[in-house]
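Keep the viewer open as you read.

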Amino acid sequence: MSSIAQNSDLSTAHRLSVAPMMEWSDRHCRFFHRQMTRRAMLYTEMVTAAAILHGPKNRLLDYSAEEHPIALQIGGSDPRELAQATRISGAWGYDEINLNVGCPSDRVQSGCFGAVLMERPSLVAECVAAMIAEANVPVTVKCRIGVDDQDPEVVLPDFIERVAAAGVTHFIIHARKAWLKGLSPKENREIPPLNYDLVLRMKAAFPQLTICINGGITSLGQAQSLLDQGLDGVMLGRAAYHDPASVLVGADALWGEASGLDAFGAVEAMRPYILDHIAQGGRLHQITRHMLGLFSGRPGARGWRRVLSERANKPGAGLDVLDAALAELQAAATAA
């Protein structure tokens with residue numbers, strides 16, 4: 001279990017956040033991202049309530065104290081299970097508990113949670129009320145603007161009103177519909193058109209609520225523009241994963257603060273963490289797979305990715321592989 005090291009001011013941590021991304025935003029990814037931004041809220045991968053109740057709790061819920069501010073995203077649709085999972089996770093000291101009402105995958109639909117819950121706002125209200133009763137931190141909801149043939153103009157305000165009446169004051173809205181039939185999860189992140197204007201109108205309609213936006217945001221400039229239009233926060237997903245330096249280095253300026261570490265500084269800061277992970281029996285690639293995009297667009301980036309991709313998974317791989325990957329960048333810089 002991680003020790004708790006709360007950020008001194010969580011009230012504005014949501015100004016920029018890194019989305020929950022299945023198989024991507026694990027604890028190693030979050031620790032890496034934290035090197036570049038001290039202030040952004042980091043979200044875990046979605047963990048189902050059933051897994052928290054019956055699975056290996058330490059493996060599912062542990063994290064490093066340095067990751068704060070950090071939110072746990074839970075998936076489920078049974079109010080009793082969600083309440084129990086919220087109570088259990090309280091011992092881990094997360095800064096926020098988030099209910100997933102946005103994931104469109106078949107596996108999630110079959111369990112009657114994720115985006116399919118947009119069709120059942122009364123059940124979502126029951127779920128969050130049960131979670132809030134067991135939580136000692138804010139319970140938030142991440143949702144879509146609607147699903148399938150729903151009219152978002154009608155569905156979204158009704159959904160927000162019902163769930164807010166149950167006690168939720170913070171919504172993260174992915175500004176796309178989810179098509180539960182006919183589109184893959186990847187296609188659901190790209191094909192349905194973005195509707196930022198609707199999310200902006202939800203903030204105007206519910207000024208007392210914290211309304212954050214997600215979907216298609218790829219730069220700090222975009223994030224600042226959306227904040228300037230009145231939204232309370234912006235959530236980045238794939239951009240933060242595939243090109244982290246471009247959106248996380250400098251992100252603390254959104255709070256009027258100096259930047260965290262740059263790309264090279266982040267690599268250096270990861271060295272003790274990597275050594276500790278390997279000493280505990282871990283493999284280098286479990287960490288460096290999240291670092292492949294760190295130097296995107298720079299000379300030598302291809303060599304950096306190649307070395308890490310080819311060598312980090314081999315038995316005994318250690319900091320020498322990291323040094324070899326950095327040497328590719330140095331060689332490219334010298335040649336230029």
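Predicted model: local features only at pLDDT ≥ 70, side-chain atom pairs only at ≥ 80, totals over all residues.

## Helix 4 against helix 6

Contact here means heavy atoms within 4.5 Å. In helix 4, Pro-79, Leu-82, Ala-83, Thr-86 and Arg-87 meet a set of partners in helix 6, namely Leu-123, Glu-126, Cys-127, Ala-130, Met-131 and Glu-134. Sorted by class, this contact holds seven nonpolar, one polar and three charged residues.

How are the two helices arranged? Two packed helices are described by the angle between their axes and the distance between the axes. For helix 4 (residues 79-89) and helix 6 (residues 121-134), the angle is about 30° and the axes are 8 Å apart. Angles under 35 degrees count as roughly parallel, and helix 4 and helix 6 are therefore roughly parallel to each other. The crossing of helix 4 past helix 6 is right-handed.

## Helix 15 against helix 16

Next comes a pair further along the chain. Helix 15 (residues 301-311) packs with helix 16 (residues 319-335) at an angle of about 160°, and their axes lie 7 Å apart. The cut-off for roughly antiparallel is an angle over 145 degrees, so helix 15 and helix 16 are roughly antiparallel to each other. Their crossing is right-handed.

On the helix 15 side, the contact is made by Ala-301, Gly-303, Trp-304, Arg-306, Val-307, Leu-308 and Arg-311. Helix 16 brings Asp-320, Val-321, Leu-322, Ala-324, Ala-325, Leu-326, Glu-328 and Leu-329. By class there are 10 nonpolar, one polar and four charged residues in the contact of helix 15 with helix 16.

Helix 1 and helix 13 pack at an angle of about 150°, with 9 Å between their axes. They are therefore roughly antiparallel to each other, and helix 1 passes helix 13 in a right-handed crossing. Arg-27, His-28, Phe-31 and Phe-32 of helix 1 make the contact with Ala-266, Met-270, Tyr-273 and His-277 of helix 13. These residues divide into five nonpolar, two polar and one charged.

The second largest pocket holds about 620 Å³ of space. Which residues lie nearest its centre? They are Asp-26, Arg-27, Arg-59, Leu-60 and Asp-62, out of 22 lining residues. Helix 1 (27-34), strand 2 (41-48), helix 3 (57-61) and helix 13 (263-279) are the elements giving two or more residues to the lining. Strand 2 gives the most, with five residues. The lining has seven nonpolar, eight polar and seven charged residues.

## A cavity

How many cavities of 30 Å³ or more does a search of the whole structure find? The search finds one. The largest cavity has about 30 Å³ of space. His-14, Ser-17, Tyr-43, His-170, Ile-172, Cys-212 and Met-235 line this cavity, and by class they are four nonpolar, three polar and no charged residues.

## Two backbone details in loops

Have a look at two loops before you close the viewer. The peptide bond from His-68 to Pro-69 is cis, with omega near 0°. Pro-69 sits in the loop between helix 3 and strand 3 (70-75).

Glu-23 has a positive phi of about 70°, although it is not a glycine. This residue, Glu-23, belongs to the loop between strand 1 (16-18) and helix 1.

How values were computed: Residues numbered from 1 in each chain as written. Heavy atoms only, no water. 1 Å grid on protein atoms, 1.4 Å probe; cavity = no way out; pocket = protein on both sides within 12 Å on 5 of 7 lines; lining within 4 Å. Points joined across faces, edges and corners; volume = space filled by probe spheres on them. Helix = DSSP H or I, 4+ residues; strand = E, 2+ residues; numbered from the N terminus. Nonpolar A, V, L, I, M, F, W, Y, C, P; charged D, E, K, R; others polar. Axes fitted to C-alpha atoms, helices over the stretch in contact; angles between N-to-C directions. Parallel < 35°, antiparallel > 145°, perpendicular 65-115°, else oblique. Left-handed = near helix turned anticlockwise from the far one by under 90°.
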